[in-house]
Amino acid sequence: LLLRNVRTWGPADDARSRARIDELSRYAPARTATPIGGLPAAPDGGFLVTEVANIGAGAELLATRPTDRDAAANVLRRVRAMRGIAGVKDHPSLSEVLEATEHAAHPLERGEAQISPERLAVLGAAATVLRGIAASMRMGTALDPASPELARFAASLDAMQEKETEGE
């Protein structure tokens with residue numbers, strides 16, 4: 001009835017709608033409004049956050065599938081696309097983690113049969129750090145440079161570089 005009268009709305013319809021609201025509130029009490037915009041909006045619409053999270057997920061997948069060329073190609077394509085985005089430099093450690101992720105995934109692109117254990121450790125640690133960076137970006141903060149995730153990443157990167165230098 002109220003919908004039918006919307007074009008010719010009058011005081012009687014106001015009274016009917018108030019009565020209906022009172023009747024419905026007995027079954028489901030009114031709740032307070034949820035505040036809008038608790039977090040700052042990303043200037044890029046969230047693209048950077050989403051891509052960082054996607055690269056982290058890809059790195060994690062690749063760390064569990066060291067022979068998956070498709071996963072490696074996907075990770076490498078996404079990491080390389082991030083090079084041209086100016087916002088990457090605004091987030092501490094992000095460019096370093098992206099570069100290490102690319103380096104660790106690169107052997108499959110070169111035709112090697114699988115990724116070495118040291119590179120897999122880098123990919124796993126990078127995935128954790130990238131998830132942390134994405135979460136920090138969503139909150140409008142930065143990942144703590146002294147975080148255990150970054151320490152684990154740095155240790156795995158050092159181990160990979162040491163192994164490769166030793167091999168040369």
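Reader: What makes Ser 93 partly exposed?

Author: In this predicted model, Ser 93 has a relative accessible area of 23%. Buried means under 20%, and exposed means over 50%. The value lies in between, so Ser 93 is partly exposed.

Reader: Where is Ser 93 found, and what is its phi?

Author: Ser 93 sits in the loop between H3 and H4. Its phi is near 75 degrees, a positive value in a residue other than glycine.

Reader: Why is Ser 156 called buried?

Author: Its relative accessible area is 10%. The cut-off for buried is under 20%, so Ser 156 qualifies. This serine lies in helix H6.

Reader: What does Ser 156 contact, leaving aside its neighbours within four places in sequence?

Author: Ser 156 is in contact with Ala 121, Val 122 and Ala 125, with those neighbours left aside.

Reader: How do you know that Ala 105 counts as buried?

Author: Its relative accessibility is 0%. Buried means under 20%, so Ala 105 counts as buried. The residue lies in helix H4.

Reader: Which residues does Ala 105 contact beyond four places in sequence?

Author: Ala 105 is in contact with Leu 62, Ala 72, Leu 76, Ile 115 and Leu 123. As for Ser 116, it is 11 residues from Ala 105 in sequence. In space the two are 9.7 Å apart, C-alpha to C-alpha.

Reader: What is the overall secondary structure?

Author: Six helices and zero strands. Along the sequence the pattern is α-α-α-α-α-α. Of the 168 residues, 33% are buried.

Reader: What angle do H2 and H3 pack at, and how far apart are their axes?

Author: They pack at about 150 degrees, with their axes 9 Å apart. That makes H2 roughly antiparallel to H3, because angles over 145 degrees count as roughly antiparallel. The crossing of H2 and H3 is left-handed.

Reader: Which residues make the contact between H2 and H3?

Author: From H2, they include Leu 48, Val 52, Ile 55, Gly 58 and Leu 62. From H3, they include Ala 71, Ala 72, Val 75, Val 79 and Met 82.

Reader: How do H4 and H5 cross?

Author: Their axes come within 9 Å and cross at roughly 150 degrees. The crossing of H4 and H5 is left-handed. Among the contact residues are Leu 94, Leu 98, Ala 104 and Ala 105 of H4. H5 contributes residues including Val 122, Leu 123, Ala 126 and Leu 130.

Reader: Which members of the largest nonpolar core touch the most other members?

Author: Val 52, Leu 62, Leu 98 and Phe 153, in a core of 37 residues. The elements that give two or more residues to this core are H2 (47-64), H3 (69-82), H4 (94-109), H5 (117-139) and H6 (148-167). H5 supplies the largest share, 11 residues.

Reader: What does Val 52 touch, not counting residues up to four places away in sequence?

Author: Val 52 touches Met 82, Leu 94, Leu 130, Ile 133, Ala 134 and Met 137.

Reader: How much of the contacts with a separation of 6 or more comes from residues 24 or more positions apart?

Author: Such residues account for 68% of those contacts in the protein.

Terms used:
Residues are numbered from 1 along each chain as its sequence is written. This is a predicted model: local features need pLDDT of at least 70, side-chain atom pairs count only at pLDDT 80 or more; totals for chains, interfaces and linings use all residues. Side-chain values use heavy atoms; hydrogens and water are left out. Helices (H or I, at least four residues) and strands (E, at least two) are DSSP runs, numbered from the N terminus. Buried means under 20% relative accessible area, exposed over 50%, partly exposed in between (1.4 Å probe, protein chains only). Contact means heavy atoms within 4.5 Å. A nonpolar core is a set of buried Ala, Val, Leu, Ile, Met, Phe, Trp, Tyr and Cys residues joined through side-chain atoms within 4.5 Å. Axes are lines fitted to C-alpha atoms, for helices over the stretch in contact, and angles run from 0 to 180 degrees between N-to-C directions. Angles under 35 degrees count as roughly parallel, over 145 as roughly antiparallel, 65 to 115 as roughly perpendicular and the rest as oblique. A crossing is left-handed if the near helix is turned anticlockwise from the far one by less than a right angle, and right-handed if clockwise.
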